[in-house]
Amino acid sequence: MKPLVLLITLLSSLLCAQGLDPAKLVQPATDTWPTYNGDYSGRRFSTLKQINSGNLQSLSIAWMHRVNVGALRGIPNVQIKSTPLEVNGVLYFTVPDHVWAVDARTGTELWRYEWKDQGGHLIGNRGVGMYGNWLYFLAPDGWLISLNAGDGRERWRIHIADAKLQYFTTMATVVIRNHVIVGVGGDAMDVPGFLEARDPETGALQWRWYTEPHPGQMGAETWPNAGSMEHGGGMTWLPGTYDPELNLLYWGTGNPNPVFAGQSRKGSNLWTCSIVALNPDTGKLVWYFQASPHDTHDWDDVETPVLFDGVIDGQPRKLLAQAARNGYFFVLDRTNGAKIVSTPYVGADWAQGTDAKGQPIPNLHKEPQTDGTLLNIAEQGGTNWFPPSFDPETGMFYVNAQKGFSLFYLIDTSANPEGYGGSGQTLWWQSVLEAIDYRTGKICWSHAFPGTGRAESGILTTAGGVMFSGDQHQNLIAWNPKSGDILWHFHLPASVSNGPMTFELDGKQYLIVGAGDTLYAFTVPTQK
Amino acid sequence: MKALIGLGLLFAIAAFPQAGQSQRDSSLDRRLQRGREFLGLGAPPDAAAAARGQKLFATSCSFCHGANATGAEGPNLVRSSLVLHDEKGETIGPVIQHGRPDKGMPAFANFTPEQLYDIAEFLHDRVYQAVNRYGYQIGNIVTGNPAAGQAFLAQHCETCHSASGDLAHIGSKYQPADLQALFLYPGTQLHLPISVDIETANGRHIDGTLVSQDDFTIVLKETSGRISSWQTDQIKFQLSDPLAPHLQLLPQYTDADMHNILAYLVTLK
């Protein structure tokens, strides 16, 4: 080989060794897990099957990586809630204020990046997005930071949201072609929610879509006045999903503000608590489905809108499914938002049926009252941020759910309430893993975890006929996704705190799980 | 959007049966501090200055901005970006002193620097009261019909409870909000032991109380005091939860039932 050719080969292999090939973003995740959800669909289903229902008894720990960051402000016990990316043998993962790159084969730290925040909530960080050789990390106080994936050096930082206004930023950015999609959190101070796209090279703003209309625009009729829209909440704090064929970005929006006190925002409060479809090139709204019109229970509708194709009444359909925090399971036609299924998967007596669009109709008597309202659902709702999964081989949607009863109080009774304006309290709850038939919303099987407490683990399904998730008792558990039978478990020092992910490297399948402050890699023995 | 962590503290009015006022205050202080840290609010406002500032605000500012600074003819100052970025009056003060003639706000040139600081602290305190939800206080919740509550208890609860027995004086032991959560599901505040009866593979019975349980293992404190751990697939076991009747009732209450029962229980002084 001539020196020049050798140099070019070497350079390109070096580039490949670090950068993310954009083609990987639209392929099933096998040797690469390039986004928070593994691919754009949000299914968290892997076609890998080296780890399978026949060899789970030999599944064992290959390595562990503990993050020694100690307590963070307001957070005594740090939890890894991020789903790592895996690109070219390197895992990238986060906790608030920190990013790591570790060797996917050994867990050895390659570099770490640390941020000194000036406020914001350190409740969690979901991970990073990647474009070529660049990572995109959100610091809690509203900074979007681009890092060099090769060495963790900062390339640029841009302030996108003001922590003094109680915005905070925790999500894993979603990269679509040359758009870095960024969402925000924060509902303590009645600020408007938004989603925006940034240029991956420069960080320049490409578009910003507000979750509330401006006066005079479509949707403004669902608010009483300009002030209520300007302070209407609707945060965008979990990664959405994307259909490259339809070129539609799907996102769930958070609860309206003031949170529990709805008297100053009478109306359905579009586009809070909604599933929205946007054009990722322009940020223009294409369709919406409002999961909770005029929410007064703090039930963000940010849970992953999971995309898959299915058959409904004999017809092939492009579908979107969501287990919403308000206790409803929705299946929509993702081309237009038309309802296919809208039915509760846990108690949901806050609603009195659904309207013609399939949107639940709130029962006004179940809004928070000064002397308390008793609801048949946990205060946190039916589920929360932990990622669900859809297994195309079983046709079932899996969610870690909670059943429960709760009390809601209205506290700020003034005409112009502020912030939360009320409170909620769970009386009793039970965690239940549910497998739901996407065609009907019927529960195929459910597994109630003994005892109280909340299972907050994400779910991974695989072609190996195994589903992985965790309980609230520190067990990593493998299920038969079809029957709900437990096949295997492993007791960890902390409960599974992220969405498990998997990839293949050097002919070996790795299962990666975050539990508390430690990342664990599991493998099965392979023939030499 | 809600913090998953800290939930136990969030609005949960901790039960302090027969607690003195100072204990209650220190519990509130702890919650507020927890909220400050979690929400990234920094140091709390200067309460003495805020109290002085409130009087100045009432006299000079409330006509336009409302008594609570949430706006009237003038803007809501609690949500004001300028207020939220101010630390100790350094940006609020000059606006008060010079006014905003273009927006119709007159100048208040006679305030001393100390008074401007006091007004700024009053505004910061208003922000703090709104933002730090860990300090929210539930209002008056005793609205029901005591006679109807008494009738409900007679019908559903007298197998286990009586007004002259275990429920005597319960209305003076608990604040109403605590009492409401307590009677609906006592497990929110009391840890009543769950009885366990284990039958081992060779037919031996072991009694005790539940320490912990998951899908694979059950840990109990045996009657002898010994703590033992058992694989659930190797034994048979039965749990007896004293709160099971409360769980069975939870789906049956209407909100009116709940209010009526509370109204009756608070009369049991």
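Tutor: Let's start with A:F397: apart from neighbours within four places in sequence, its contacts are A:V306, A:A321, A:A323, A:P388, A:F390, A:I436 and A:Y438. Two residues are in contact here if their C-beta atoms, placed from the backbone, lie within 7 Å. This is a predicted model, where local features need pLDDT of at least 70 and side-chain atom pairs count only at pLDDT 80 or more, while totals for chains, interfaces and linings use all residues. Residues are numbered from 1 along each chain as its sequence is written, and chains are lettered from A and ligands numbered from 1 in the order in which they are written.

Now step back to the core. A:F397, along with A:Y92, A:M130 and A:L135, touches the most other members of the largest nonpolar core, which has 195 residues. Such a core is a set of buried Ala, Val, Leu, Ile, Met, Phe, Trp, Tyr and Cys residues joined through C-beta atoms within 7 Å. Buried means that 20 or more other C-beta atoms lie within 10 Å of the residue's own, with C-beta atoms placed from the backbone. Domain 1 (47–131) and domain 2 (146–190 + 245–265) of chain B both contribute residues to this core, so it lies between them. These domain bounds come from an automatic or database assignment. In soluble globular proteins, nonpolar side chains tend to be buried together.

Next, look at helix α9 of chain B, residues 176–184. Eight of its nine residues are buried, so the rest of the structure largely encloses this helix. Among the buried ones are B:L179, B:L182 and B:F183. Their cover includes β25 (373–375), β27 (396–410) and β28 (422–437) of chain A, together with α8 (170–173) and α11 (255–265) of chain B. Helices (H or I, at least four residues) and strands (E, at least two) are DSSP runs, numbered from the N terminus.

That brings us to where the chains meet: 53 residues of chain A and 44 residues of chain B take part in the contact. On the side of chain A that touches chain B, β25, β27, β28 and β33 (486–491) each supply at least two residues, and β28(A) gives the most, with five.

Finally, consider chain B as a whole. It has eleven helices and five strands. Its radius of gyration, taken over C-alpha atoms, is 27 Å, well over the 18 Å from the globule rule for 269 residues, so chain B is more spread out than a compact globule. That rule is 2.2 Å times the number of residues to the power 0.38.

How values were computed
A residue is buried if 20 or more other C-beta atoms lie within 10 Å of its own, exposed if 12 or fewer, and partly exposed in between; C-beta atoms are placed from the backbone.
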